[in-house]
Amino acid sequence: MFVIVIGPAAAGKTSLAIKLAENGILINLDPATSIDADIDIRKWIRVEDVQKKYSLGINGALLKSMELISENNEWIKKDKNEIKVVDTPGQLEIFLYHDYGRKIVEKLSNYDSIVMLFIVDATEILSVENYLAILAQNAMINLKLMNPCITVINKIDLVDRKNLIKYIDKMKLEKILQKEDVLYSLAKGLVDYIEYTSIYQRPLLVSAKTGEGMDDLLSAIHEIHCACGDLS
Ligand SMILES: Nc1nc2c(ncn2[C@@H]2O[C@H](COP(=O)(O)OP(=O)(O)OP(=O)(O)O)[C@@H](O)[C@H]2O)c(=O)[nH]1
Ligand SMILES: [Mg+2]
């Protein structure tokens, strides 16, 4: 199974990927950052080389690198029956606005089953609006990649859990979202969507730093894997 770790910059993707890969192998798909991975994309594609070769700025070079990665097969570990954790770059636009992410996911799905994680930084969830905006990004990623993700709230060690639950508990959230206006409808739709994918009923709160919640995350990954990717 490939466990693809996606999320905004500095949410803790690499930290979580390293922890998860203790039970499998780690594939680094970030062409800008070297980590101690079993397979490192930088062996074949390095953003600084791409920048020079194509005379691009740093963001253009990262996009071009992702295009090259989507066309390259050398980094793909094809053996089944092991957890292959894929760490990705934090520039979400790769997945939100371009097709490279989808190409990569489609390619991997030819070799093994896929479980995707969308990593959220708990310290960014400071209001209902904030949380819903994060869910909207999560929903867009699901649409673009045509795969549902498990929403994983990381850095739980840095926040007051009670405060966080206020925003992510459906009953409490619906109480807050009382106004009958167009934004309420949008917010309600997002909450229903997340509930439909069952992620919402079981928000996964973890800390890559302390290890809290990691067992639940591993169980969820295996559960989804056994259900052949059916989250409903
Ligand atoms: N307190 C705390 N810090 C964390 C946790 N997870 C990650 N961090 C810290 O957050 C920072 C970013 O972590 P990374 O794992 O590099 O995040 P990332 O999402 O891979 O970042 P990019 O690849 O740059 O997008 C580092 O300083 C980590 O040590 C966590 O659960 N708790
Ligand atoms: Mg990283």
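Hi everyone, let me begin at one end of the sheet: strand 6 (residues 149–154) and strand 7 pair in the parallel sense over two bridges. Two strands count as paired here if DSSP finds at least two bridges between them. Within that pair, Ile153 stands opposite Leu205 of strand 7.

Before going on, a word on the source: this is a predicted model, where local features need pLDDT of at least 70 and side-chain atom pairs count only at pLDDT 80 or more, while totals for chains, interfaces and linings use all residues. Residues are numbered from 1 along each chain as its sequence is written, chains are lettered from A and ligands numbered from 1 in the order in which they are written, and side-chain values use heavy atoms, with hydrogens and water left out.

As a reminder, strands of a sheet pair through backbone hydrogen bonds, either parallel or antiparallel.

Let's look at strand 4. Which strands does strand 4 pair with? With strand 1 (residues 2–6), there are four bridges in the parallel sense, and Ile4 has Val86 as its bridge partner. With strand 2 (residues 24–28), there are five bridges, again parallel, and Gly24 is partnered by Ile83.

Is strand 4 buried or exposed? Five of the five residues of strand 4 (residues 83–87) are buried, so this strand is largely enclosed by the rest of the structure. Buried means under 20% relative accessible area, with exposed over 50% and partly exposed in between, for a 1.4 Å probe and protein chains only. Ile83, Val85 and Asp87 point one way, Lys84 and Val86 point the other way, and all are buried.

Stepping back, the protein chain has ten helices and seven strands. Those are DSSP runs numbered from the N terminus: helices are H or I with at least four residues, strands E with at least two. The radius of gyration is 18 Å, close to the 17 Å from the globule rule for 232 residues, so the chain is as compact as a globular protein of that length. That radius is taken over C-alpha atoms, and the rule is 2.2 Å times the number of residues to the power 0.38. The C-alpha atoms fill a box of roughly 55 × 40 × 30 Å along the principal axes. Finally, buried residues make up 50% of the 232 in the chain.
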